[in-house]
Amino acid sequence: MTEEIMKKINTHGGAREGAGRKKILPDGAKPSTFILTEDEKLAVKDYIVSMRKEAAGKPRVSINIEEELFKLAFQMLKPVAATMIKINGGRPWGKIEKLLKDAAVMAFKDAVCDYEHEHGLK
């Protein structure tokens, strides 16, 4: 009997499913607070509306960059490794593996240096 009374009492008030302001923001949007002048506020609103309109026509693409880079490196290095194995008669594996690792690291470091030089980072 007491449980029935408690159920009746607890059904009034409080948050209910579907209650409250409806969501108008796109998925992933988080509320932010900025202190802006009226002109700035209008400019920001216009910019956000234009961004959302532009994004509405584009499909969302989800790319795992690490996985894609690994696939690309694998595709590029596998033929080189196969050629080196044929040249060396298939052995010693360790020597070929070390040579390929060193070459990959050197190529990466060289590319980083080129990028830094081109963009004035170093």
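This is a predicted model: local features need pLDDT of at least 70, side-chain atom pairs count only at pLDDT 80 or more; totals for chains, interfaces and linings use all residues.
Residues are numbered from 1 along each chain as its sequence is written, and side-chain values use heavy atoms, with hydrogens and water left out.

How confident is the predictor? On pLDDT (its confidence in each residue, from 0 to 100), the chain has a mean of 80, with 86% of its residues reaching 70 or more. Among the elements, helix α1 (residues 2-10) has the lowest mean pLDDT, 57, while helix α4 (residues 93-118) has the highest, 87.

Helices here are DSSP runs (H or I, at least four residues), as strands are (E, at least two), numbered from the N terminus. Of the 122 residues, 5% count as buried, where buried means under 20% relative accessible area, exposed over 50%, and partly exposed in between (1.4 Å probe, protein chains only).

Now look at helix α3 (residues 65-87), where Phe 70 and Phe 74 sit four residues apart, so about one helical turn separates them. A search of the whole structure turns up one aromatic pair. The ring centres of Phe 70 and Phe 74 are 6.3 Å apart and their planes are at 25 degrees, so the pair is stacked. The cut-offs: rings of Phe, Tyr and Trp (its six-membered ring) pair if their centres lie within 6.5 Å, and planes under 30 degrees apart count as stacked, over 60 as edge-to-face and the rest as tilted. Phe 70 counts as exposed at 59% relative accessibility, whereas Phe 74 is partly exposed at 46%.

Finally, the pockets. A pocket is an open set of points on a 1 Å grid over the protein atoms alone, where a 1.4 Å probe fits, with protein on both sides within 12 Å along at least five of seven lines; lining residues have an atom within 4 Å of a point. The second largest pocket is lined by Leu 69, Leu 72, Ala 73, Met 76, Leu 77, Ala 104, Ala 107 and Phe 108. Both α3 and α4 give two or more residues to this lining, and α3 gives the most, with five. In the largest pocket, 16 residues form the lining, and Lys 30, Ser 32, Val 44, Ile 48 and Arg 52 lie nearest its centre.

Methods: pLDDT is the predictor's confidence in each residue, from 0 to 100.
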